[in-house]
Every structure is written in structure tokens, then in C-alpha cells.
Amino acid sequence: MLNILFYTSFNSRSRDTESLMEAFVKQGHRVFVLTQTERGVYHESCEKLGVSAFAHPLKKQSPLVYFAKQTLFLKQFCKTHRIQLVYAHLENAGLAAVLCRPFISAKVFTCRHTVDEAELMGSRKFMLLNKIVYSLSRNSIVVSERSKQYMVQKEGISEKKIRVIRLAYNFELYPKPNVKKVEEIREQYKAKLLMVSACRMMEGKRPHLSIEICKTLVEIGR
């Protein structure tokens, strides 16, 4: 049995990480989640799965002070709970985790959920954060071969440190489809082919691609 920590910078629902936590709990491991943000629905959902949920939010301050404090807290947390594996999700959590790694016995994995989002957003800070985190990380998990390729070719990260593990979901963690709402949508937008795109409306998620696909289908008579 292992003591496993999911360390994150978010407190909203995350079915992929929740699915993994649930699987680890069923295997007999003791699972923890620690967020850099205040308690939220994420903590409540994880606790229902048998996960011990904690939060360590900090007020806005200089990045140097912020990450130093988060790193020190993570170090103490790992020692107190005898953590053996750390999965650090997203780059803010990843930075504290890689800075903490030399001072804890746990094996640390940084988990990247994106490919080129930082570049698409034109954020130099985001790109620098990626470079720092994954250069310092000894073990990185990415969700696709394309993500690995981008890290190697664009960011100069050694491919030996990168493992591709695709996302897995327990779809029972999602609410059941609202059949009535589905029927209403089909009735309102009667068509042979009806496309629905569910995403956050931000450039990094490429919502414009759905529009371009629809335009192309209309032009070819689909």
C-alpha cells in the first residue's frame, strides 16, 4: 500500500484525476489531494471517493515568496503524511513539486495537460514556467504523443524524462444526460448532422475550429 498525493493548483471538478484517485483507493492505497487554492467542490467530490482532501491557499504576493511558501508547505505535508508518490497537476503545482523534490523521499511526477497552449496564448510567463518546470522535472507525464513531441522539439526537454499516459475516465462520475434537454435541442435545431461543441471559450482551447469545421461541412453540402 502506498501513500499517494495528487497536488494541484485548482479546486474545480477534474474527472480524470478523480477517476485515478478512485482507482487507487479501490486498490488499497491511501490517497490524498492537496490544492494551492481554497476548498471547493473538488475537495468534496474527492472525499466522497475516500480521498483525504486538504487545501493551502495563499494571498497574492510576489511569485518568489509565493512558491517558496508553497514549496515549504508541500515538504512538510509529504513528511507528515509519509507521502511516497506525488502527482503534480498543472505547472503552478509542478513548480513547487520540483523545487521540493530534493528534500523529500517521495517520487515526483509532473503532469502536463496541454501541448502548445502557452504559445497560442502568447504568454511569455506561461512559456517560461513550462520551461522551468519540465527542465527541472525528472519524471513528466503527458497526455499525448504530440505533447511529448512539442516538449522535445520546442522546449528542449529530454524525451527520456517523458512518459505518455492518455487520460482515463470513470464516466459514472459525470451527471447523466438530460434526455428532455437533448430532445429540446434536436427539436430546435433540426438537421441531418447536428454538432455540439463543449469547451471553455478561450483561445487556447481552439473553439474556432468547431466553427471552421461547420463552415467546411456547409460548403461541401453536408
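This is a predicted model: local features need pLDDT of at least 70, side-chain atom pairs count only at pLDDT 80 or more; totals for chains, interfaces and linings use all residues.
User: What share of the 222 residues counts as buried?
Analyst: Buried means under 20% relative accessible area, exposed over 50%, and partly exposed in between, with a 1.4 Å probe and protein chains only. Of the 222 residues of the chain, the buried share is 40%.

User: What share of the contacts with a separation of 6 or more joins residues 24 or more positions apart?
Analyst: Contact means heavy atoms within 4.5 Å. Among contacts with a separation of 6 or more, the share from residues 24 or more positions apart is 61%.

User: How far apart are the mean positions of the positive and negative charges?
Analyst: Lys and Arg count as positive and Asp and Glu as negative, while His and the chain ends are not counted. The place of a charge is NZ of Lys, CZ of Arg, CG of Asp or CD of Glu. For the 37 positive and 20 negative charges, the mean positions are separated by 7 Å.

User: Which residues touch the most other members of the largest nonpolar core?
Analyst: A nonpolar core is a set of buried Ala, Val, Leu, Ile, Met, Phe, Trp, Tyr and Cys residues joined through side-chain atoms within 4.5 Å. The largest one has 18 residues. At least two of its residues come from each of β1, α1 (15–26), β2 (30–35), α2 (41–48), β4 and β5. The members that touch the most others are Phe 6, Met 21, Val 33, Val 51 and Tyr 87.

User: How many residues are in the other core, the one with Tyr 7?
Analyst: This core lies apart from the largest one. Among its members are Tyr 7, Cys 78, Val 86 and Ala 88, and its number of residues is 17.

User: Which elements are included in what covers the buried residues of α4?
Analyst: Helix α4 is mostly covered, with eight of its 10 residues buried. Among these buried residues are Glu 91, Gly 94 and Cys 100. The cover includes β1 (3–8), α3, β4, β5 (107–112) and α6 (124–136).

User: Is Gln 70 buried or exposed?
Analyst: Gln 70 lies in helix α3. Leaving aside neighbours within four places in sequence, Gln 70 is in contact with Tyr 7, Gln 36, His 56, Leu 58 and Ala 96. Because its relative accessibility is 1%, Gln 70 counts as buried.

User: Which residue's backbone oxygen does the side chain of Asn 3 reach?
Analyst: Asn 3 has its place in strand β1 and is buried, with a relative accessible area of 11%. Not counting residues up to four places away in sequence, Asn 3 touches residues including Arg 30, Phe 32 and Leu 85. At 3.0 Å, its side chain reaches the backbone oxygen of His 81.

User: What is the phi of Arg 82?
Analyst: Most residues other than glycine have a negative phi. Arg 82 is found in the loop between α3 (63–80) and β4 (85–89), and is exposed, with a relative accessible area of 67%. Although Arg 82 is not a glycine, its phi is positive, at about 55 degrees.

User: Is Leu 90 buried or partly exposed?
Analyst: Leu 90 lies in the loop between β4 and α4 (91–100). Leu 90 also has a positive phi, of about 75 degrees, without being a glycine. Because its relative accessibility is 27%, Leu 90 counts as partly exposed.

User: How far are the C-alpha atoms of Gln 188 and Phe 109 from each other?
Analyst: Gln 188 lies in helix α8 (residues 179–188) and counts as exposed because its relative accessibility is 56%. Gln 188 and Phe 109 are 79 residues apart along the chain, and their C-alpha atoms are separated by 47 Å.

Note on methods. Residues are numbered from 1 along each chain as its sequence is written. Side-chain values use heavy atoms; hydrogens and water are left out. Helices (H or I, at least four residues) and strands (E, at least two) are DSSP runs, numbered from the N terminus. A polar contact is a pair of N or O atoms within 3.5 Å; within protein, one must be able to donate a hydrogen and the other to accept it, and residues adjacent in sequence count only if both atoms are side-chain atoms.
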